[in-house]
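Please look at the sequence and the structure first.

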Amino acid sequence: MRQHYRYTYTGAVWDLHQRLVMVPRDSYPGQRLLHHELVVRGTEGDHRLTWERDEFGNRIARVNANRVPQAIDFEATFRLERTAQSRGTEGLPWRNDAERLAYLRPTALTAPDKRLIGAALDIAHAAADAGERAELAHRWAATAITYQFGVTGYSTPAAMALHLGRGVCQDYAHILLAVLRLLN
């Protein structure tokens, strides 16, 4: 597998801090990670790449760079071995209810307001099962705001982006997460 992301900026970026979740876990139902590598290009001078795990076992890469003159590239390559076909709930990332509840807790970026709660209630009443609720939540979030760069920032909460009616990729993601968490 190969994943490549490029961020291009209108001017130099100083003191870059990037958190990436690109490489799969060591093992997951139906697959095993054999090898992985992350290459970072486009920084001026040295950059630092460190790895850690989050509370769910995901491998997190943290990249810090003093300066990016114009663009930065992240290229992850990894090799997986398929061991079996995953079925049903085997693929759920939590092992118990405490871990499952960690996925449902709002964060500062996904804290719901009345409009998000109302959307979740409408979706819950319209859907017959969890799969349909997820699909309806996705459709709703995709049309909840208009894509516009420069209106929001990386720390803009879902409720604010929804209030503004405009945002970028991260805002769509935060809005969808807020609604999905409300839908349990």
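Glu75 is buried, with a relative accessible area of 16%, where buried means under 20% relative accessible area, exposed over 50% and partly exposed in between (1.4 Å probe, protein chains only). The model is predicted: local features need pLDDT of at least 70, side-chain atom pairs count only at pLDDT 80 or more, and totals for chains, interfaces and linings use all residues. Residues are numbered from 1 along each chain as its sequence is written, and side-chain values use heavy atoms, leaving out hydrogens and water.

The side chain of Glu75 forms a salt bridge with that of Arg2; the term stands for a side-chain nitrogen of Lys or Arg within 4 Å of a carboxyl oxygen of Asp or Glu. Arg2 belongs to strand 1 (residues 2-8) and Glu75 to strand 7 (residues 71-82), 73 residues apart. Helices (H or I, at least four residues) and strands (E, at least two) are DSSP runs, numbered from the N terminus. Arg2 is exposed at 53%. Arg2, Arg41 and Glu75 are linked in a network of salt bridges.

The whole structure holds ten salt bridges, including these:

| Pair | N to O distance |
|---|---|
| Arg2 and Glu75 | 3.2 Å |
| Arg62 and Glu52 | 3.1 Å |
| Arg100 and Asp97 | 3.8 Å |

Arg62 lies in strand 6 (residues 59-68) and Glu52 in strand 5 (residues 44-53), so this pair ties together parts ten residues apart in sequence. Arg62 is partly exposed at 32%, and Glu52 is partly exposed at 34%.

Arg100 and Asp97 are three residues apart in helix 1 (residues 97-104), which means a separation of about one helical turn. Asp97 is exposed at 54%, whereas Arg100 is partly exposed at 24%.
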